[in-house]
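Reader: Please take one part of this model and go through it closely, residue by residue where that helps. Give the cut-off for each term as you use it.

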Amino acid sequence: MTVTLADVAARAQVSAATVSRVLSGNYPVAERTRSRVLRAVEELEYVVNGPASALAAASSDLVGILVNDLADPFFGIIAGAVQGELSGAAGPGGEKLAVVCSTGGSPERELRYLTLLQRQRAAAVVLTGSASEDPEHARALAAKLARLSGAGTRVVLCGRPAQPASPAAEPPATLTTLAFDNRGGAQRLTAHLVALGHRRIGCAAGPAGRTTTGERVAGHRAALAAAGIADAPHRTVHGAYDRASGYDAAVELLRRDAGLTAIVAANDAVALGACAALRDRGLRVPEDLSVAGFDDLPFSADAAPALTTVRLPLEEAGARAGRLATGREERPPGGLATLRAELLVRESTAVAYP
């Protein structure tokens with residue numbers, strides 16, 4: 001339901017005229033009153049329409065793309081593919097303007113960007129990558145997306161799980177999810193190592209409390225359980241999705257268990273960091289330890305040795321998200337499509353153990 005100026009006035013216990021004066025900023029208002037009005041605006045998430053007030057039902061040509069880290073090739077590939085579809089959009093509305101917002105993995109910043117895009121009446125919003133597992137944030141995000149969808153903004157979740165189903169209603173027709181099979185990919189990756197004879201496998205996992213991390217760790221542990229290998233929590237270390245974290249994770253994993261024979265990494269950058277740490281300790285990959293990555297980022301095949309990894313269809317997902325955002329592709333049944341993760345076996349795990 002759309003929040004009106006009158007709703008804000010009622011919450012702040014002032015007149016609608018006072019609210020208008022505070023928001024326009026061109027009329028003196030007592031500081032205490034002004035603070036009360038702004039607090040009500042924030043609590044109700046009132047959308048200030050600004051210059052477009054005469055076109056309240058219209059949307060702009062703007063499409064917001066939210067990424068965790070634009071410097072990460074994972075997000076760069078997806079965002080580039082989304083933007084490529086927007087620039088080629090034809091038909092009603094024509095070409096769209098892409099605005100890429102880097103959240104730095106901050107749930108609070110993610111919500112703020114969504115509010116700003118709502119105020120701009122964005123035609124579509126594409127959210128990429130993992131989401132926070134914090135229940136409070138999940139509720140706040142669901143509310144934000146419901147408001148965007150309710151106002152006619154197309155919302156595409158690309159590379160993250162679907163929003164929890166509401167018991168009161170079906171998912172809005174303007175919300176679509178393109179999910180990656182992170183769990184299945186991780187399970188196949190660890191199963192490959194187990195098939196080579198590995199039993200003491202370290203996990204250089206991503207940040208705790210993120211959906212992608214949870215799915216990949218769950219897949220890794222499912223493969224161990226299927227092989228009858230007891231889960232050893234000390235063989236899992238969490239860190240960021242970057243090379244430095246991979247280096248530190250490998251050092252810590254070897255400190256905890258010097259008998260490790262393999263390391264599965266959160267992504268390819270983490271895997272490269274782990275390989276560097278092993279080299280610095282005089283260990284060879286894969287002769288002494290096998291190392292595997294995830295995502296199949298552009299550099300993974302050119303690493304020395306080339307990384308065994310799991311390929312996610314990043315460009316395909318981004319292109320589909322762009323077409324869905326512009327209404328040029330029909331939504332999948334139920335608004336959800338899961339894109340397969342493909343195991344790619346390369347030299348970094350080519351040696352059987354022992």
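Author: Glutamate 110 counts as buried because its relative accessibility is 5%; buried means under 20% relative accessible area, exposed over 50%, and partly exposed in between, with a 1.4 Å probe and protein chains only. The model is predicted, so local features need pLDDT of at least 70 and side-chain atom pairs count only at pLDDT 80 or more, while totals for chains, interfaces and linings use all residues. Residues are numbered from 1 along each chain as its sequence is written, and side-chain values use heavy atoms, with hydrogens and water left out.

Glutamate 110 sits in helix α5, residues 107-119; helices (H or I, at least four residues) and strands (E, at least two) are DSSP runs numbered from the N terminus. Apart from neighbours within four places in sequence, glutamate 110 has contacts with Leu66, Thr103, Leu127, His137, Leu141 and Arg160, where contact means heavy atoms within 4.5 Å. Arginine 119 also belongs to helix α5, but with 29% relative accessibility it counts as partly exposed. Its C-alpha atom is 9.8 Å from that of leucine 148, 29 residues away along the chain.

Next, the sheet. Four strands form an open sheet in the order β7-β6-β8-β9, with parallel pairing; two strands pair if DSSP finds at least two bridges between them. β7 (236-238) and β9 (290-292) are the edge strands, each pairing on one side only. On average, neighbouring strands of the sheet are turned by 15 degrees against each other, direction ignored; axes are lines fitted to C-alpha atoms, for helices over the stretch in contact, and angles run from 0 to 180 degrees between N-to-C directions.

Strands β6 (residues 201-205) and β8 (residues 262-265) run parallel and are joined by 4 bridges. Cysteine 203 stands opposite valine 264 in β8, and cysteine 203 is buried, at 7% relative accessible area. Helix α8 (residues 211-226) lies across β6, β7 and β8 at about 170 degrees to β6. Helix α9 (residues 243-256) lies across β6, β7 and β8 as well, at about 150 degrees to β7.

That leaves the cysteines. The whole structure has 0 disulfides, a disulfide being a pair of cysteine sulfur atoms within 2.5 Å. Cysteine 158 is in none, as the nearest cysteine sulfur, that of cysteine 101, is 15 Å away. Cysteine 158 is buried, with a relative accessible area of 0%. For cysteine 203, the closest cysteine sulfur is in cysteine 275, at 15 Å, which is too far for a bond.
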